[in-house]
Structure formats: structure tokens, C-alpha cells
Amino acid sequence: MNALFVITGLGIVSLLAEFGNLKRWLTAFVLVGLTAAVILAALDWNTTQRYFSDMLVFDNQALAFTALISISTILWFWLSVDYFATQTHRTDRTSLVIFAVVGSVIMASFNNMAMLFLGIEILSMSLYVLAGSRKDSLSSTEAAFKYFLMGSFATGFLLFGIALIYGATGSFHIHTIAQTIAANPAGLPTFFYAGVLLMLIGLAFKISAVPFHFWAPDVYSGSPTTVTAFMSTVVKVAAIGAFIRIFSSCFVAVESTWSLVLQVIMILTLVIPNITAVYQNNVKRMLAYSSVGHVGYILLAFVSSPTETGTIFYYLTTYSVSSLAAFSVLHLVEGNSEEITVDYFNGLFKKNSWLAVTITIALLSLAGIPPLAGFFGKYMVFAQAINHGYTSLVIVAVITSLIGVYYYFRIIIAMYFNESSAPSITLTASQKMLLFVLIALTFALGLFPDVIMTLFRA
Amino acid sequence: MLTLLLIFFPLVAALLLFVFKPQSAKSIALTAALLELVISLVVVVEFNKTGGPQFEVNIPWITSLGLNFSAAIDGISLLLVLLTTVLVPLIILSSFSKTYDKPSTFYGLILTMQMALIGVFVARDGLLFYLFWEVALIPIYFICLIWGGEDRGRITFKFFVYTLAGSLFMLVGLVYLYFQTPGTHTFDIQALYDAGRSLSSTEQSLIFWALFVAFAIKMPVFPFHTWQPDTYTVSPVQGTMLLSGIMLKMGIYGVIRWLIPVVPGGVAEWGLTAVIISVIGIIYASCIAIVQKDFKRLIAYSSIAHVGLISAGIFTLDAVGVQGAMIQMLSHGIIVFALFYIIEIIFDRTKTRALSELGGIRNAAPILTTVFVITMLGSVALPFTSGFVGEFLLINSLFQYKPALGAIAGVTIILGAVYMLRTFQKSMSGEANSRTASFIDLTGQEKLVLYPVVLLIIIIGIYPAPLLEISESAVNTLLQSISAVTASAN
């Protein structure tokens, strides 16, 4: 909770920084604040505190997600320094990002459906603006508009679902709803189950699961690359966090209602985006589809054992680090161009081996090649699924990850094999440092996954 | 401790390369590889021939996955470790006359590859074995992709996906076995052996195929070989040497260590099938080798034939056959290394690998010709060369197993002689042409690489006993442990 206070404070300070000449120090200040938030979350470990009449509960799961969100945001600020290097939009962009983080933390710690709704809306409102922040670009404006329309549509489903559940149980509190379910073994009114399914659909939009993913490729490719990086890491973590928070604790008691639906969604999410990604020539769209595909593996872990959230958390961590590394390189390679195709990577190894090696490691990790983090993420998901008797689904997932290898390697082959006449790229010391940190994290998470896995064993 | 040093010293050396200037990468890499050879020789001296797995390390690594860093060296491992540590310095030395772009990366990848190979040969934990197995693929893929020849993007990708697909089957098989182990599951080799042997025969058959496909692709055995000729041809020669000299032994080693003892029931049921497809592969590859026009491609196919014989010998589950396989792995490793190096030398001077454009080298380069003759005789298994010992034992065991199969496999010696002698005739003898007229004989550095190999071919051919003794007890232990199952199947 202390972390949430600090982050909210940061957001307000960012708004006020336009006064005086505080703008220059803003990014540094934000980084210090986010670091403090991570430390505060760590200090609260194992305490499980409840706030505001149980509206928010900071248990270990919430704290872990808070820390992951904050650390990802710190790394994200590092990679997108130039996004804030404007005279006119520095404070508003910073505050929008920080408020999106506030929304994310609420989504990871809510104990009340109203807070869930608030969190999602705080996050989404900021993102609608950020997606359109490249005002002179048509695709950026289009992305913002599409995102807004689809987001509102999803919110409609979510709200309707919440209302129906409230009607059936008389409460917004998750633990009260769980108690009501437990107290009525004969079953609740039919519209309760309809409410659960509506919420499932609303959240499926937010985590961009197939067939509710159509907004993702357009929004990801239209938004500025840095914002895309934010959406596919921090925002994705928050959305998954909210999803597993409500479905693994409360609705797990009515698993039979949604489990078949979710299995179908999961298989579609594994197969369709991974195949579609093969045909993309625009790298941002390819990564967007790949990001949707990764949701499939997370859902596989969730379907096979809804209460073992440690695997999902580890998967999200590895995915975030690898994605941040991939997007950093993408951002550095694209320069001022609007659309970045695979050709941009031609001969990158000769032009700048730092960039080439970083994105190679990131893509190998996303593809699930050992000994990188992504391999252990996938491995744990598969092992968990096999252990719970979902071997046939694992075979589907193994095949889709082989398809994944195909499109990730298109970029790798372009970098090492194709020739290019484009000028070489020079990096600043800070950029090199960032790439190094991301590579090191990708290796470290792979070699020592116990550091994270044991968090959830206590 | 010695085991850890053996595994990780090359990796440390690989990282060190990036600290120093790129120009010095060659010599640092060579020094490191020679030091690694010294370490392995220390292991040979300390090794107790009848002692089972030695130099054990067992460190808990990822407890949530049941993964321990568990490694040890027994006779079977030691011979392959020795092959790796002997060949890698030679491979590095063979590159000295060339200048590769980004040398630190190039030699770094070779040394990383060495780490992974040694890891594969000493791992005693199923998941650890799998990790090293996969890690070995990454450096060789990039060596071929970055420094390879024409159309390498497509060819190396085929190689990568092919082997990765095979390994994923293996992973599914290993994880399935893992969940059969009692209590809190473990990947420990003995636990996996016990788990595998307690399975029903249907399950054992399924696991057999999951693992066998991975190993068969790596070797490669017909019909899983289609990636191999292109990849060998397109790779830079050091890559080809790593692939054919050492990496394909990973597949054979996998069969000996992680297939036969894990699912002996499955092996008893499908062993004959495996022997038959191996023998088909021998004949098939030999016949294709006879009509090859490209020198390197020809040796690539001959490699498939030799590996087929080794694989057939192992699946006879006879001590003679497995021992023959061990010695033939070493022999094939050094011979194929020398052959690829000779091809590279010829290519450097004449800029062609087409046999029709060569000829007459014998007059200009007597030393090269002599070296080539000895290597070639080793390859066709002439007595008093290393090739003879292995092939004799392997064909002998096949005769014991099924005389008909032994007879068919014996034909390979003739076929091998056909394509190798044809190659000699086309390249070395005959009239010199404009390309070969001014051929320069071996340089000092080339002699330094090839003379030790020639010596090894002859020494192993005359006196193989010390090497056979190293692996004898390990092979016997392995076969005894499964004799109950295989006896009842026969």
C-alpha cells in the first residue's frame, strides 16, 4: 500500500512539475520514487494488509505484482528517455504513465469489484491518450481511437458482469462473493453465472485473448514504439494480474462455468496469433501477435491449475524482461520511421553487434530456447500442465512454440545473413548499459528461477 | 571439482576473449583449448578403470524443477570428453591461416560449444543433459549462419528447426519420466532408469520413439538425415568439423546413456527396427556418396554411412558392438576432421571443391597426398588403421545378431572403398590442370594439425587396447543392468 501512495504522489508531483523549473529533474525524481515503491513493497512482504474497508488487500501476490510493475516501469523509463525529451509534453506524458502504473497496481491488489473497475479505467484512460501521443501521425491517432472504442466496449461487458454478480450475491467484495458461493452449494441464480462469463469476456479483451484480440495488432503498431513497449509489458502484467486475482481466488469455486470456455479461448490464443505472426512483415505487428500468443501459454498454466499462480508470475517476469529488451532494440533501430519492417534488421550484426546480440538473446528467450529465461517459463507451464493431465494441450503448445521459432528467426536471419547499405548506428553509454542489464536479467532469470519461484512457495 | 573445471573452463575462456583485442583471440582460444586438453589428460591419469562413475559433483540448482547440477565421468563419458578436448585445439589451430570477421565471437562460440559438448557427455541429470544438449545447438547455429557459405540462411534454419523439433520430443519424454519418479520428483539418472523400466511396454515404446527421434536426427540416421548434407556443405570448415567430428557423437552417446538403459523394454521391442533403418541408411548414403561431384558433400554422405554402422552396432546390445561403437566414434571423429581439413586446404588453393575440376595434386604435393592416403585408408577400415578396429567389432557384432544384416553392412566396406578410391583418383592422381598445376604442399601450420591426426589413426589402429579398457567396465555394467529385460525379450 505504501508503494501505491508513493506512486500516486509521484503522479501528482509530475503534474505540478510544470511550475518552476522542476521539469529537468522529473525523470530522475520518478526513478527514485519507483525504486522507493519497490523497496516499500519488499518491506511489506508477508504482512497482508487490508485498506479502506477491505477494498484493497496487499497480500504477497499483490506485492509481487506491484514490484514487477514498478521494476518494469523503471526499465521502461530508461529505454524511452527520448520519448520525454520534448519541451512541451514532458510533464503530461510522465504523469500519464505514472497514473497508468497507479491503475496497474490497483488492478493487482483489488479486493472489491469497484476497485477493479477503477483500476482498469485509470490505466485505460491514460493509455488512450498515450497511444495517440504522436499527434502528427495518422496511425497513432487511429490507434488511440480504436483502443478507446474497443476498451469502452470491453468495459461495458465487465460492468454488466459486475452488476449481475452484485445482483446475485449482494456484494462487491471478492471474499464475500466467495463466501456466498460456498454457502449456496445448490447454486446461485442463473444470472450469476452469466455475470461470471461476461466478466470473463471483459477481461479477455483486456488481456487480448483470442477472439477478443483484434485491437491489439492495430494499437501496438500504431502507437509510438515506446508506448507499445509499455503496453506489452506493464499493462499486460497488470491485466493478467487482475484476471488471475479474481478467477483464481473467487470464481475458482464455479470453475465448471468458465473452464470449457477458457480452454477454447486458450487454444485459439495459442494457435491463431502464432500463425498470423508468421505472415507479418511489420516487426511491431509481429511482436504484437507474439505478445498475444504468449497470453496463450499463461492461460495454459492457468487452466491446468488455477491456484498455482507462481508459474504465471514467473512467466510474466521472463516475458516482460525479454520484451523490454526486444523493444529497446526495436526503438533504437527504427530511428524516425513510422513503420519498421524486417528489412530494417538487415546486416545489423555488422552495423552494431550490441543491438544484434541483445535482440537475438531477447528473441531466443521469447522463443523458449534454453538456458534463457523464456525456456524455463515455458518449461514450468508445460510441466504444470502435464502434471495435471493436460498432455494433449501441451503438444499443441509445443507445436505453436515451434511456429514461434519460425517468425522470431526471420529477424535473426536478417541480422546475420542479409547485407545492408544503411549507415551504422552508434549507441550512448546509457543505452549500452541498459542493453547489458536486460541481457544479464534474461540470463539470470533463466539460471536462477528459484529466486522467483520460492516467493510463491512460502 | 575436476568435472566442474572441465565443463566451465572453456566458457570462462570464451568470455575472456572479449576482454582482449580481437587480433589476439586466436592465440588465446588455442591456449585455452590446450589447457583444457591438459585438464582432460589429468582426468585420464586419475581415472580408475573399474570404478564406475567418478569425479562426481552434485549441487542443487533449481529445486522447484527437481534439477540438480549432477555430473560424473565414467569410461563412456571419458572417451568422448577426450575426443572433444583433442579435436577442439586442432580445430582452432586449423583456422590459423584464415582471418574471420569478428574473431572474438567466432572463437568464443567454438569454446562455448566445447563447454556444452562436455556438459552433454558428463551430465547425470535428465534436465541438465537436455539443457547442455540444447545449448550446444546455439553456438554451432550461429557459427554456420554468420560465417557460412551461400544460401546459409535457409539451410541453417532448416538444421536448427529440425534438431530443435527432435529435442522437444525428447523433452516431453524426459518430463513424462520425471513425473513417474516416486515422491518429490527428480531428474536423477538412476531414478529415471528405475522409472523407465517400471513402465508398461506400450509406454516404453512411446518413450523409446520420443527419445530415439531426437538422437536419430542429431546423428543423423536415415531417414532423419535430410538436413545434414546441405548444412555440412554450407558451414565454414570449423563448423563442419565440430558438427561431424564431435556433435554427431552426442546422438550416439544419447542412445547409449539415455535410451538403452532408460527403456530397455522399448529397445528390445524396437531395436531390430532401429538396426534395419541404420543398415538401410548405410547402403543408401554410400550409394549417394559414390555419385557426388562435390568433395565436401561426398564426405558428408560418407559420414551418414559410418554413423549408420555405429548406430546399428549399438542396437545389437552386444558388448562387442558397443565397444566397437566407442572406438569407432573416436576414429570417425579424427578421420572426418582430417578429411574436411584436407578438403579445405585443397579448396583454399584451387578455389573449387568439384572433383571434376581437380586432379594431379599428387605430383605437386607429395606430403598432402601421403596424409590423404593414410586418412582415406582409415576411412575405408584398412587393417592397422583406427577405422579397422571399430568397423571390425561393429560388423562382428552385427553378424552375431543377424548374419544377414551383418553381411549387408559388410558391403559398406566395399562401397566405402569405391567412393574413397574414386575420390582419390579424381583429385590426387591424373593429369594436373590449370588449377592444380601450381599446387603448394602442406605448410608448417597445416602439418602441425595433420601429423598428430595421422599418428593417432595409426596408433589406435595398432594398439587400441588402452582406449578399449577405459570404456570396457562402463559398457559391461550398462549391458548387465539391462540383461534381464533383453534376455526375456529374446
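Trainee: How are the names and thresholds set here?

Mentor: Residues are numbered from 1 along each chain as its sequence is written, while chains are lettered from A and ligands numbered from 1 in the order in which they are written. The model is predicted, so local features need pLDDT of at least 70 and side-chain atom pairs pLDDT 80 or more, but totals for chains, interfaces and linings use all residues.

Trainee: Why is chain A called as compact as a globular protein of its length?

Mentor: The globule rule is 2.2 Å times the number of residues to the power 0.38, and the radius of gyration is taken over C-alpha atoms. For 458 residues the rule gives 23 Å; chain A has 21 Å, which is close, so the description holds. Its C-alpha atoms fill a box of roughly 70 × 60 × 40 Å along the principal axes.

Trainee: And what about chain B?

Mentor: Chain B has 20 helices and 2 strands. Its radius of gyration is 22 Å, close to the 23 Å from the globule rule for 490 residues, so chain B too is as compact as a globular protein of that length. The box for its C-alpha atoms is roughly 70 × 60 × 45 Å.

Trainee: Why does Ser208(A) count as buried?

Mentor: A residue is buried if 20 or more other C-beta atoms, placed from the backbone, lie within 10 Å of its own; 12 or fewer makes it exposed, and in between it is partly exposed. Ser208(A) has 27 such neighbours, so it is buried. It lies in the loop between α8 and α9 of chain A.

Trainee: Why is Lys102(B) called partly exposed?

Mentor: Lys102(B) has 16 C-beta neighbours inside 10 Å, so it counts as partly exposed. Its loop runs between α3 (75-94) and α4 (103-122) of chain B. Lys102(B) has a positive phi of about 50 degrees and is not a glycine.

Trainee: What makes Asp188(B) buried, and which residues does it contact?

Mentor: Asp188(B) has 20 other C-beta atoms within 10 Å, so it is buried. It sits in the loop between α6 and α7 (189-197) of chain B. Contact means C-beta atoms, placed from the backbone, within 7 Å. Leaving aside neighbours within four places in sequence, Asp188(B) is in contact with Asn68(B), Ser70(B) and Asp125(B).

Trainee: How do you know that α10(B) and α12(B) are roughly parallel?

Mentor: Axes are lines fitted to C-alpha atoms, for helices over the stretch in contact, and angles run from 0 to 180 degrees between N-to-C directions. Helix α10 (residues 237-259) and helix α12 (residues 295-315) of chain B cross at roughly 20 degrees, their axes coming within 11 Å. Angles under 35 degrees count as roughly parallel, over 145 as roughly antiparallel, 65 to 115 as roughly perpendicular and the rest as oblique. So α10(B) is roughly parallel to α12(B).

Trainee: What kinds of residue make up that contact?

Mentor: There are 7 nonpolar, 3 polar and no charged residues. Ala, Val, Leu, Ile, Met, Phe, Trp, Tyr, Cys and Pro count as nonpolar, Asp, Glu, Lys and Arg as charged, and the others, Gly among them, as polar. Leu248(B) and Ile252(B) are among those from α10(B), and Val307(B) and Ile310(B) among those from α12(B).

Trainee: How many residues of chain B touch chain A, and which elements carry them?

Mentor: 19 residues of chain B are in contact with 19 residues of chain A. On the chain B side, α5 (126-147) and α6 (152-178) each give two or more residues. The largest share, 9 residues, comes from α6(B). That side divides into 14 nonpolar, 3 polar and 2 charged residues.

Trainee: Which prolines follow a cis peptide bond?

Mentor: The bond from Val210(A) to Pro211(A) is cis, with omega near 5 degrees. So is the bond from Phe222(B) to Pro223(B), with omega near 0 degrees. Pro211(A) is in the loop between α8 (190-206) and α9 of chain A. Pro223(B) lies in the loop between α8 (201-218) and α9 (228-234) of chain B.

Definitions and conventions: Helices (H or I, at least four residues) and strands (E, at least two) are DSSP runs, numbered from the N terminus. Two residues are in contact if their C-beta atoms, placed from the backbone, lie within 7 Å.
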